[in-house]
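Hi everyone, and thanks for coming. Let's bring it up on the screen.

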Amino acid sequence: MSAMSLASTFSVARTAGLAKSRVTKTTRRAAVATKAVVKVGDAAPDFTLMGAGFETTTLSSLKGSKVVLAFFPAAFSGDADGGCQCQLASLQGIAKEDGVEVLGITCDTPFVMGPWSETAGIKCLSDVSNKTQEAYVGTIDFGKFLDDLDVSTNMAGYMSCKRGCVVLDADQKVLYTWTGMPDQLPDASEIQAALGIGKVNL
């Protein structure tokens, strides 16, 4: 699957604090911790995760509707032009106009999910154990990723998910999957095609 790379690493860096250097292939490889397990055609692994107010959402309760799972490294990183906020904003049209259930998933705590869901316009869930993220899109040492860019200091070991998107059919079989690194975004047209719907609001 193709990835819609951002115009430059600097455009992501503006709000994520990554402006000190450009992402290199070496940095990407070093940061990868686990690879995704889920493949197209698989039955989606069930999960129960907490969101705003510690309310839980169970994937299997959504059977009968198509679902988009949007995995992102960190809440409040990036803006409408790049990064996690851009990724989720591109899916708002799917959620609001096409009636598809869209769930954002990250390792941040449930305390963050309320304000972040409001900002992103997407219901977001907390996977502090990283287990759901490992199964669907794989994980990265996000702290090392930032340290290697000379952005942060001694953050190595802070684990999060790779950026990713998984589309499920009404029977919760995997229709589409994409994974990338923090400086990449999924191609919205591929998500549309997997869902069989029109254009999303970009």
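Let's begin with the protein as a whole. It has 202 residues, and 50% of them count as buried. By buried I mean under 20% relative accessible area, while exposed means over 50% and partly exposed is in between, using a 1.4 Å probe and the protein chains only.

A word on where this comes from. This is a predicted model, so local features need pLDDT of at least 70, side-chain atom pairs count only at pLDDT 80 or more, and totals for chains, interfaces and linings use all residues. Residues are numbered from 1 along each chain as its sequence is written, and side-chain values use heavy atoms, with hydrogens and water left out.

How confident is the predictor? The average pLDDT, which is the predictor's confidence in each residue from 0 to 100, is 83 for the protein, and 79% of the residues score at least 70. Please take care with residues 1-24, where pLDDT stays under 50. The model has 52 contacts for that stretch beyond four places in sequence, a contact being heavy atoms within 4.5 Å. Where pLDDT is low, the predicted coordinates should not be read in detail.

Now the overall build. You can find eight helices and 14 strands here; these are DSSP runs numbered from the N terminus, with helices being H or I over at least four residues and strands being E over at least two. Among contacts between residues at least 6 apart in sequence, 64% join residues at least 24 apart.

Two examples show what that looks like. Take Lys63, in the loop between strand 4 (56-58) and strand 5. Its C-alpha atom is separated by 6.4 Å from that of Gln172, although the two residues are 109 apart along the chain. Leaving aside neighbours within four places in sequence, Lys63 is in contact with Ala170, Asp171 and Gln172. Lys63 itself counts as exposed, at 55% relative accessibility.

The second example is Gly104, in strand 8 (residues 101-106). Is Gly104 buried or exposed? It is buried, at 0% relative accessibility. Not counting residues up to four places away in sequence, Gly104 touches Ala70, Phe72, Ile122, Lys123, Cys124 and Leu125. Gly104 and Cys165 are 61 residues apart in sequence, and their C-alpha atoms are 9.3 Å apart. Cys165 is buried too, at 0% relative accessibility.

While we are on cysteines, how many disulfides does a search of the whole structure find? It finds zero, taking a disulfide as a pair of cysteine sulfur atoms within 2.5 Å. For Cys107, the nearest cysteine sulfur is that of Cys161, 6.8 Å away. Cys107 is buried, with a relative accessible area of 9%.

Next, let's look at helix 8 (residues 188-195). Its buried residues are Ala188, Glu190, Ile191, Gln192 and Leu195. What do they pack against? The partners are strand 5 (67-71), helix 4 (92-96), strand 12 (163-168), strand 13 (174-180) and strand 14 (184-186). After helix 8 comes Gly196, with a positive phi near 70°.

On to charged pairs. Side chains of opposite charge can pair when their charged atoms come close. A search of the whole structure finds two salt bridges, each a side-chain nitrogen of Lys or Arg within 4 Å of a carboxyl oxygen of Asp or Glu. In one, Lys39 pairs with Asp42, and the closest N and O atoms are 3.7 Å apart. Lys39 is exposed, at 52% relative accessibility, whereas Asp42 is partly exposed, at 25%.

The other joins Lys144 and Asp148, with the closest N and O atoms 3.3 Å apart. Both residues lie in helix 7 (residues 142-148), four residues apart, about one turn of the helix. An α-helix has 3.6 residues a turn, so residues three or four places apart point the same way. Lys144 is partly exposed at 28%, and so is Asp148 at 33%.

Last stop, strand 3 (residues 48-50), where you will find Met50. Met50 is partly exposed, with a relative accessible area of 31%.
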